[in-house]
Amino acid sequence: MISYPTILEIISSFYQIAMKDIMIGYHFRVIEDFDSHLPRIADFWNLQLNGELHDKSHLPFEILKVHIPLKINKGEVYRWTKLFGQNLDAFVVKKAITDEDKMIWMKKVDLFATRLLATI
């Protein structure tokens, strides 16, 4: 189990990287006050990974529905997945999560990516 504070830290770190990325960053830079959105994203992953919610007001999660209007292309999905994995690697190195935690999380990332790709 990965604690909610660790999930939030990982999510915050990832989006700091993603926002600066030349290929996918523009999707995130247009969102006003993106930082206030991070706890909701972290809660989504907390539910996926641990079956728990930190804040029930974040429900419902309509992840695919909110991403479809962004017109994300396949290359951007693959880039997001690659960056996410690299970010998790950094947390494995810091011993904040284990290799097994990363593997479990990446299976969830791949499932989301597969579902998102099916909508493109």
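Leaving aside neighbours within four places in sequence, His58 is in contact (heavy atoms within 4.5 Å) with Pro39, Arg40 and Asp43. The model is predicted, so local features need pLDDT of at least 70 and side-chain atom pairs count only at pLDDT 80 or more, while totals for chains, interfaces and linings use all residues. Residues are numbered from 1 along each chain as its sequence is written, and side-chain values use heavy atoms, with hydrogens and water left out.

**His58**
- His58 lies in the loop between H3 and H4; helices are DSSP runs of H or I with at least four residues, numbered from the N terminus.
- Asp43 is 15 residues from His58 in sequence, and the C-alpha to C-alpha distance is 7.3 Å.

**Aromatic pairs**
- Rings of Phe, Tyr and Trp (its six-membered ring) pair if their centres lie within 6.5 Å; planes over 60 degrees apart count as edge-to-face.
- The count by this rule is 13 aromatic pairs.
- Phe44 and Phe61 form an edge-to-face pair, because their ring centres are 5.5 Å apart and their planes are at 75°.
- This pair links distant parts of the chain, 17 residues apart: Phe44 is in helix H3 (residues 38-50) and Phe61 in the loop between H3 and helix H4 (63-67).
- Phe44 and Phe61 are both buried.
- Ring pairs link a cluster whose members include Phe44, Trp45, Phe61, Trp80 and Trp105.

**Charge over a ring**
- The charged end of Lys94 sits over the ring of Phe91, 4.0 Å from its centre; the criterion is NZ of Lys or CZ of Arg within 6 Å of the ring centre and within 35 degrees of the ring normal.

Note on methods: Phe/Tyr/Trp six-rings, centres within 6.5 Å; stacked < 30°, edge-to-face > 60°. Helix = DSSP H or I, 4+ residues; strand = E, 2+ residues; numbered from the N terminus. Buried < 20%, exposed > 50% of the residue type's maximum accessible area, 1.4 Å probe, protein only.
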